[in-house]
Protein chains: 2
Amino acid sequence: MAKREYRQHCALARALDLVGERWTLLVVRELLTGSKRYKELLANLPGIGTNLLATRLSDLERAGLVERGDRSYSLTPRGSELEAAVLALARFGAPLLAEADGEVYWSASWNPIALKYAFRPERARRLRGTVEYRVDDSRVQARFRDGEIETAAESSWRPDVVVTTDGETFLALSAGELDPRDAEAEGSLEIAGDRALFRRSLRAFGVS
Amino acid sequence: MAKREYRQHCALARALDLVGERWTLLVVRELLTGSKRYKELLANLPGIGTNLLATRLSDLERAGLVERGDRSYSLTPRGSELEAAVLALARFGAPLLAEADGEVYWSASWNPIALKYAFRPERARRLRGTVEYRVDDSRVQARFRDGEIETAAESSWRPDVVVTTDGETFLALSAGELDPRDAEAEGSLEIAGDRALFRRSLRAFGVS
DNA sequence: CCGGATCCGTAACGATACTG
DNA sequence: CAGTATCGTTACGGATCCGG
């Protein structure tokens, strides 16, 4: 049978024909932070089912959005063009994170994307410097300059401040439920370097 | 049974929990151009099935994104926040419009959205004025100013130029397959007012 | 006629077992 | 490890029916 498509001459419908099916944009999200192995994808997409992941990957490959490298998958340049759409959707969904009901999965590997969609340029006009966030096993660097943010997964720049914490503390801080001062006092947060820069970065992300 | 959700503490996943199902974002697209009746939605969403449309609308209503008025549906303020995500997805999908395979549906009522996602600020820095596009039964106004575009469905402003054409010609012009000069010569395009402004608006939309 | 609701066949998805 | 194969369940699509 023919694939299920909208058959509309509409840019939105065409985009959804490619990436509108279940799990597809979450696979893209995973690959936006760099190439991943099959089992890494599976680990960050609990519930997807191995057959469906394989189907999605091959569909994305046929669509020219994903390419398989040496034992890994990554986005093509065309696939990377989805970043703006992913960030826009995430900005819409961000307010819903407060409703933390029950058992939910979270991975520190999403931080590079979270930093990007949470960043509010109007709150960071004069912010300048590089912050490295170390959460669990993940390290992300954010470089602020001229009201813009650049992120890098690895140690690309010399950080002005390094922040180390665990996932639970990081989430509580993000939600504004925990004050950095308290976290530091109880030893679950460590700040090495320009402490003022770290504080101002929090405000740039809308953390009260 | 519980609704099918991703159960991830991720802003993208939360957004998709609300609007990630089939047809949902197309319903939102319809309502982005103003309130619509049930049958109007049905007409612009061929293939959706009456039961599914009803389900989507009530789901969106429960999610606080849609409200039903007097015999019509419209977006709530929260629902309108989806515009950025819809436009971002449309920008990604726009290049795919060239692959016009077979029978596809199109409606002039999508023009307000099409004008927005197709607009390229960097090509319209000094563009200034109001253009009214009349295609089939639809009228859209676009006001250019300071490298930005504003659109309105009705006759909100005094247009500097009014362009009248039919859907087929409009699509051919958009695709760059037809030169406005030729269209005008054969009588399928009518330009009343500031002709230079109309030409420059085409370039702002990336039409060669 | 509009705005759905009901019913049913088909396609998509989810979970697990299995294989190179 | 990286997927197929299989199978039960859910979602979707199309048609028909129904109340105001």
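In this predicted model, α1 (11–19) of chain A and α1 (11–19) of chain B each contribute at least two residues to the lining of the largest cavity. Helices are DSSP runs (H or I, at least four residues), numbered from the N terminus. A cavity is a set of points on a 1 Å grid over the protein atoms alone where a 1.4 Å probe fits but cannot get out, and lining residues have an atom within 4 Å of a point. The volume of the largest cavity is about 120 Å³, a volume being the space filled by probe spheres set on the points. Among the 15 residues of its lining, Leu16(A), Gly20(A), Leu16(B), Val19(B) and Gly20(B) are the closest to the centre. The lining comprises eleven nonpolar, two polar and two charged residues.

DNA strand D is surrounded by 18 residues, each with a heavy atom within 4 Å of the strand. Polar contacts (pairs of N or O atoms within 3.5 Å) are listed below.

| Side chain | Atom of DNA strand D | Distance |
|---|---|---|
| Lys39(A) | phosphate oxygen | 2.8 Å |
| Asn51(A) | base oxygen | 3.2 Å |
| Arg56(B) | phosphate oxygen | 2.8 Å |

Two or more residues of this surface come from each of α3 (38–44) and α4 (50–62) of chain A and α4 (50–62) of chain B. The largest share, four residues, belongs to α4(B).

Residues are numbered from 1 along each chain as its sequence is written, and chains are lettered from A and ligands numbered from 1 in the order in which they are written. Local features need pLDDT of at least 70, side-chain atom pairs count only at pLDDT 80 or more, and totals for chains, interfaces and linings use all residues, while side-chain values use heavy atoms, leaving out hydrogens and water.

Key
On a 1 Å grid over the protein atoms alone, a cavity is a set of points where a 1.4 Å probe fits but cannot get out, and a pocket is an open set with protein on both sides within 12 Å along at least five of seven lines; lining residues have an atom within 4 Å of a point. Ala, Val, Leu, Ile, Met, Phe, Trp, Tyr, Cys and Pro count as nonpolar, Asp, Glu, Lys and Arg as charged, and the others, Gly among them, as polar. A polar contact is a pair of N or O atoms within 3.5 Å; within protein, one must be able to donate a hydrogen and the other to accept it, and residues adjacent in sequence count only if both atoms are side-chain atoms.
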